[in-house]
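Dear colleague,

My notes on it follow directly after.

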Amino acid sequence: MLVRMKLNKLEVLDLSRNDFSNNIFSSLTAFSNLKSLDLSANNLKGPIYAKAGLRLMKLKAVDLSGNFFNNSILSSLATLSNLKTLRIENSNFKGLLDVKEGLNLRNLEELELDESSLPSNFIRVFGPLISLKKLIAHRIDGNDTLPINDLCEMKNLQELDITGNNLRGSLPMCFHNLTSLESLDLSSNQFSGNISALESLTSLRWLDISNNEFHIPSSLGPLFNLSRLKFIRGDNNNIHADDHEMLNSLAPRFQLIYISLSCCGSGGSFPHFFYHQSDLQGVTLSDIHFFKVDQFPFWLLENNTKLELLHLANCSLLGPFQLPSRAHLALSNLDISNNAFGGNIPERIGAHLPLLKTLNMSQNYFSGSIPSSFGDMSSLQGLDLSNNHLSGGIPEHMATGCSLLEFLALSNNTLQGVIFSGNFSLMSLSEVRLDGNNFTGVIPNVLANCSDLYLLDLSNNYLFGEIPSWIGNMSRLIALDVSRNLLFGRFPQWRGNALPLEQLAMADNQLEGSIPRAICNLNEGPIFLDLSMNNFSGTLPSCFKPVSLREVHLSRNMLQGPLPNAFRDSSSLVTLDLSYNHFKGNIPNWIGNLSELSYLLLKRNHFKGEIPIQLCNLDRLSLIDLSLNNLSGGIPSCLKVSAMNYVTEEYIWYYYSRYDIDSAKSIEVPIEYTVKSRSYHYRRRILQYMSGIDLSCNKLTGEISFETRNIMKLFTLNLSRNSLTGPIPQMFSNLKDLESLDLSYNNLTGNITVEFAVLHFLQYFNVSYNNLSGKTPDRIGQLGTFDESSYVGNPFLCGSLVGKNCSPVATPLTPPKASAGDTEDHGFIDMDAFYASFFACYVMVLLCIAAVLYINPYWRQAWFYYIQMAIESCYYFVVDNFPRKF
């Protein structure tokens, strides 16, 4: 009895995150005073028993989220007449809701149906929700037909959130009825048209219409009468300049606290309503083209003393950067990157903006030196001045005063001198990007005190000396790039605990010696390794077996020996570039197990033997370059090469998003590849459209035979300078994307097919120095762009391009008898001309002999003497050999 009495008085019951079945409802009949019930995240299925609903007449809040009800559950909710809050999130309903009279939950004030699978008629089934104040129905699976017009009947709504429902079309004008709305979230749909339906929502305080296709005027004219409006988010819509110039002189009734309208469109002049705002704390207008602005809107800072965040990135702003007349003591985040600001950075920027935490002035045209007053910003945590025209050195005052600085980017300027030449207090640095400058000296040892250093990029400078050993003690360093400097010496001997380095780039220096076992200390192996264009020799250590490796660039060194097994287990490998080394032996069969391999570059080594058939297992191969080796045997006909046609993954070093500076450092090493007999360096955005095979300058034999389906997207093919035989495959004329074809210096035979003329992208064609025969193709279509250099060195070719007549030469074995009156056919020889020329030559010879004998009596006497001697010799020969008959 005592237990029953206690159950009767219980008002709140939480049975969530259990494994109850529907039998639990029969046990709830004893809770007659229950006001709040939480049955979320159970295994409930089917309907709630009606008798359970009848007993819970005082129930005001029910949470049935995370279950698997069928639609009949709603008929059981009809008995809960006092229900005010209903949550059915992350649930799954199937089919249309079949409740004939509706639920008539007239007292329901809050309805949350997030991330559930609901049919399009669910609002009508709930009945006239005249008391509803809060409706959250975002990301309803499959509900792109949400009856938006039904929402207009809920005139007491104060909060409406229907984000992420794939809703289309314009907003209905009946939204004028929702005058009680204080918060409206329509984000992440596909709404279009104007926003005039919102102009009567006079109670609105929070508005989020981001990630749609609305046409929003930069003046926000339709919202001018919303006097309570404080927060606006309209990012990723179509921002346009207002056609009504009169609005520029009007003052809106609202005083905003936060506004974000970034992306996309053209806003004309800078919005004039900002002149009437004085309570702003956050403004983001990035990626909007303001083509009528000629200076930084410094007045925005002067009018809004509470402004903390100002983002004007990529807004086509130009002119000098002006500071407010007085120090602004609230601004902590300023981003004016990717504009056209020029001139010097104001020398007193540190005094006027002393409390800045992040400052991004990158991708502008600032010149001059870095102001030393940056050192007065004691709160500065992120500073990006990259991609400008700054000169001079890093001010010592900045290196001592910004003790909280974590992110420093000065890349791609013309800074010079020694890095951090004086005192140094930047112990909190986690990302340092000084690449693309003219810094000299050695890598500063003061960075060894930055124990939180994640990324260090000193590439593209003039640093010299050895790579310091203290780098091996940086326990958090995941990315190091010292490429394209003047560094020398050996690979650093890192000892101790395993380094967390994931990206290591030391390319284009003067490093030498063998690659030591210290590289094996990299924790679990790197993702990206670039040691190309150095003087490394020897072989990779046997202990180096990185599993996570995705890119290897070791080209243009002096590495030697057989190809090591170091990459045998690197199943994630995308790029393997070992070109221009001294590797020898066979290409190992395990390369066929690298299922992600897209770029295989083994050019100019000493590999021999046959091309392994296992290469046919590489389904993602885009470029293969095995040229300038000693490979023999035939070409595997099953090779598969195709363009990837999507932007390949860039290897992000460290993504820095704290303090609202988004800076991603990605490594991209160009790949060298020969096309149209010239070597080019291709970057990722071009490589995605390329595919090619280069097997030139080897000792390959046999006929050319590819499976058409495996090379349909081939961009370039080079099989020159081998010993290939047989005809040019007819299927080459089907390669519609082919731009470069080089088959020169082989032993190919047969004719050149005229179908090459239909290859509209073919820009380079070379079949010279083979044994091809027949007539050169007519200069039609794409073949009309090639001259005699494409065909020289084929002795059996004829045609105008090779200077040989292609008239027939063959003579029949049994000449046919000529009929009376017919002229005898003597092939390609004109017999009449032959007889005439022969007679003329004969007569000329006789006349020449007669003239000589007439002129020279000595020769005439000798001539007649020889004639007489010849006659006598013939006479005696006849007498001696043919006796007389009597």
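A residue is called buried here if its relative accessible area is under 20%, exposed if that area is over 50%, and partly exposed in between. By that criterion Ser768 is buried, because its relative accessible area is 3%. Please bear in mind throughout that this is a predicted model.

Surroundings of Ser768

Ser768 is located in the loop that runs between β56 (764-766) and β57 (771-775). Its side chain makes a polar contact of 2.7 Å with the side chain of Asn766. Leaving aside residues up to four places away in sequence, Ser768 touches Ser744, Tyr745, Ser789, Ser790, Tyr791, Val792 and Asn794.

Overall composition

The protein contains 10 helices and 58 strands. It has 886 residues, of which 50% count as buried. Among the contacts with a separation of 6 or more, 56% are between residues 24 or more positions apart. The accessible surface amounts to about 40,900 Å², and carbon and sulfur atoms account for 51% of it.

Nonpolar cores

Which residues have the most contacts inside the largest nonpolar core? They are Phe567, Phe706 and Phe732, in a core of 203 residues. At least two residues of this core come from each of β12 (213-217), α5 (299-303) and α7 (396-401). The element that gives the most is α5, with 3 residues. There is also a second, separate core of 12 residues, and Tyr599, Leu623, Ile671 and Val675 are among its members.

For Phe706, the residues touched, not counting those up to four places away in sequence, are Ile635, Pro636, Ser637, Leu639, Ile693, Ile711, Leu717, Leu719, Met731 and Phe732.

Aromatic pairs

The structure holds 21 aromatic pairs. In the pair of Phe254 and Phe273, the ring centres are 6.0 Å apart and the planes stand at 80°, so the arrangement is edge-to-face. This pair links distant parts of the chain, 19 residues apart: Phe254 is in the loop between β14 (238-240) and β15 (258-260), and Phe273 is in the loop between β16 (265-266) and β17 (282-284). Phe254 and Phe273 are both buried.

The pair of Phe765 and Tyr791 is likewise edge-to-face, with 6.1 Å from centre to centre and 65° between the planes. It too links distant parts of the chain, since Phe765 belongs to strand β56 and Tyr791 to the loop between β57 and β58 (796-798), 26 residues apart. Phe765 is buried, with a relative accessible area of 2%, and Tyr791 is buried at 0%.

Phe254 and Phe273 also belong to one aromatic cluster, which is formed by Phe224, Phe254, Phe270, Phe273, Phe274, Tyr275, Phe290 and Trp299.

Cysteines and disulfides

How many disulfides does the structure hold? There are 4, and three of them are described here.

In the disulfide of Cys152 and Cys174, the sulfur atoms are 1.9 Å apart. The torsion about its S-S bond is about 50°, so this disulfide is right-handed. It links distant parts of the chain, 22 residues apart, with Cys152 in the loop between β6 (134-136) and β7 (159-161) and Cys174 in the loop between β8 (168-169) and β9 (183-185). Cys152 is buried at a relative accessible area of 4%, whereas Cys174 is partly exposed at 22%.

Cys616 and Cys638 also form a disulfide, with 1.9 Å between their sulfur atoms. Here the torsion about the S-S bond is about 75°, so the disulfide is right-handed. Cys616 lies in the loop between β43 (606-610) and β44 (623-625), and Cys638 in the loop between β45 (630-633) and β46 (651-656), so the pair ties together parts that are 22 residues apart in sequence. Both Cys616 and Cys638 are buried.

A further disulfide joins Cys263 to Cys264, with an S to S distance of 1.6 Å. Cys263 is buried, with a relative accessible area of 15%, while Cys264 is partly exposed at 35%.

Two other cysteines may be noted. Cys402 counts as buried, with a relative accessibility of 0%, and Cys848 counts as partly exposed, at 46%.

With kind regards

Definitions and conventions:
Residues numbered from 1 in each chain as written. Predicted model: local features only at pLDDT ≥ 70, side-chain atom pairs only at ≥ 80, totals over all residues. Heavy atoms only, no water. Disulfide = S-S within 2.5 Å. Helix = DSSP H or I, 4+ residues; strand = E, 2+ residues; numbered from the N terminus. Buried < 20%, exposed > 50% of the residue type's maximum accessible area, 1.4 Å probe, protein only. Core = buried A, V, L, I, M, F, W, Y, C linked by side-chain atoms within 4.5 Å. Contact = heavy atoms within 4.5 Å. Polar contact = N/O pair within 3.5 Å; in protein donor to acceptor, adjacent residues only side chain to side chain. Areas by Shrake-Rupley, 256 points an atom, 1.4 Å probe, with all protein chains shown as cover. Phe/Tyr/Trp six-rings, centres within 6.5 Å; stacked < 30°, edge-to-face > 60°.
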